[in-house]
Amino acid sequence: MAKPYPQVYLGDRLVPAEAAHVSVASSAVLYGLSVYTVFPVFVAGSARTVFRLEDHFRRMVESCKIIGMDRFDQEWDYDRFRAATVELVAANELTEDVFVRATVHVVESIPGTRVRGCDIQVSMFIYPATPIVPQHGMRLKSSPWRRIPDNAIPSRAKVNGAYVNSVLAKQDAIDSGYDDCVFLDGNGHVCELSAANIFLVRGGTLITPDVSCDILDGINRRTILTLAAEDGIPVRERTVDLTELYIADEVFVTGTSAGCAPVTEVDGRTVADGKPGPLGQALRKRHADALRTDTVHGWVTQL
């Protein structure tokens, strides 16, 4: 199991990891009422860079707005968020690439099931950048657990409590001998993995479920769509049936913690010839380069 680096940002200061606590009486603990994002920090000699930091901050703002956590954008702006990230990274003296998990917790004590006007606290901690899925070919299982619909708990908001859904689905896949799950919606259409977006290729066209399909509108998903369009690859965002994955030329997934990783099997069926496909591998390289060295889109921030 990964452990956080020794210095953690909590509230408005750095504290030792063992002292970074949220009350057991808070809404964050009682109801899972927190929202979060995860972003990578890359180390190259003395340089420290982060990918799409402003987009990650904006997603936290949007997640708070969807859930009704109205104190975050009153108390935090992007400059403060970036400064906290810089302080955290410097304090932990990085020698390797890492992930940063930033969370907004509702810390009001025993407020009942409400959110507006409740006190919030921001935490940020660092941990090693170990991918959460195999990087050279993973096996997926369609889950018997359905994806929570937008009119229950919106997937486009990264709400901590909603990840019980992901835990149930991924644990079922692991128990069945697979690497991860494929979530379906109530109509049996493909959504995403437990914590990654999914793409398939058919006839040279890149296909992915659209943002109305109970998915997280992932930052890396958007990155892949941008890079594909720039490379002249036809792209379609639409409803996807599970059986399309069975007969796809390629399947791959994206996410901060997943990277851009190929899928070689779905529900016991080999994807094409069982090897990572050329289009997905080309986008994987483009994605990896963009994470560290993008100079075109303004995606890379120096810390």
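Begin by selecting Ile110, which sits in the loop between E5 and E6, where helices (H or I, at least four residues) and strands (E, at least two) are DSSP runs numbered from the N terminus. Ile110 is exposed at a relative accessible area of 65%, on a scale where buried means under 20%, exposed over 50% and partly exposed in between, computed with a 1.4 Å probe on protein chains only. Although Ile110 is not a glycine, its phi is positive, at about 45 degrees. Most residues other than glycine have a negative phi.

The model is predicted, so that local features need pLDDT of at least 70 and side-chain atom pairs count only at pLDDT 80 or more, while totals for chains, interfaces and linings use all residues. Residues are numbered from 1 along each chain as its sequence is written, and side-chain values use heavy atoms, with hydrogens and water left out.

When residues up to four places away in sequence are not counted, His287 touches Asn220, Thr223, Ile224, Leu227, Gly259 and Cys260, contact here meaning heavy atoms within 4.5 Å.

Pockets are found on a 1 Å grid over the protein atoms alone, as open sets of points where a 1.4 Å probe fits, with protein on both sides within 12 Å along at least five of seven lines, and lining residues have an atom within 4 Å of a point. The second largest pocket has a volume of about 370 Å³, a volume being the space filled by probe spheres set on the grid points, which are joined across faces, edges and corners. Of the 20 residues that line the second largest pocket, select Phe42, Gln135, Thr256, Gly259 and Leu291, the closest to its centre. Two or more lining residues come from each of E3, strand E13 (259–266) and helix H8 (278–293), and H8 gives the largest share, five residues. This lining divides into 10 nonpolar, seven polar and three charged residues, where Ala, Val, Leu, Ile, Met, Phe, Trp, Tyr, Cys and Pro count as nonpolar, Asp, Glu, Lys and Arg as charged, and the others, Gly among them, as polar.

Now turn to the largest pocket, with a volume of about 900 Å³. It is lined by 32 residues, and those closest to its centre are Tyr36, Arg101, Ile132, Ala195 and Ser257. To see the surrounding elements, colour E3 (34–44), E5 (98–106), E6 (120–128), H5 (164–175), H6 (219–230) and E12 (250–255), each of which supplies at least two residues of the lining. The lining comprises 15 nonpolar, 11 polar and six charged residues.

In strand E6, select Ser123, which counts as buried at 8% relative accessibility. Its side chain makes a polar contact of 2.8 Å with the side chain of His105; such a contact is a pair of N or O atoms within 3.5 Å, of which, within protein, one must be able to donate a hydrogen and the other to accept it, and residues adjacent in sequence count only if both atoms are side-chain atoms. Leaving aside neighbours within four places in sequence, Ser123 is in contact with Tyr9, Leu10, Arg101, Ala102, Thr103 and His105.

Follow Leu10 to its bridge partner in E2, Arg13. Strands E1 (residues 7–10) and E2 (residues 13–16) pair in the antiparallel sense over four bridges, two strands being paired if DSSP finds at least two bridges between them. They form a hairpin with two residues between them, and Gly11 in the turn has a positive phi of about 75 degrees.

A further hairpin is the last stop. Strand E9 (residues 197–202) pairs with E10 in the antiparallel sense over three bridges, with Arg202 opposite Thr205. Two residues lie between the strands of this hairpin, in which Gly203 takes a positive phi near 60 degrees. Both faces of E10 (residues 205–208) are covered, with Thr205 and Ile207 buried on one side and Leu206 and Thr208 buried on the other. E10 is also joined by three bridges to strand E11 (residues 235–237), the two running parallel, and Thr208 stands opposite Glu237.
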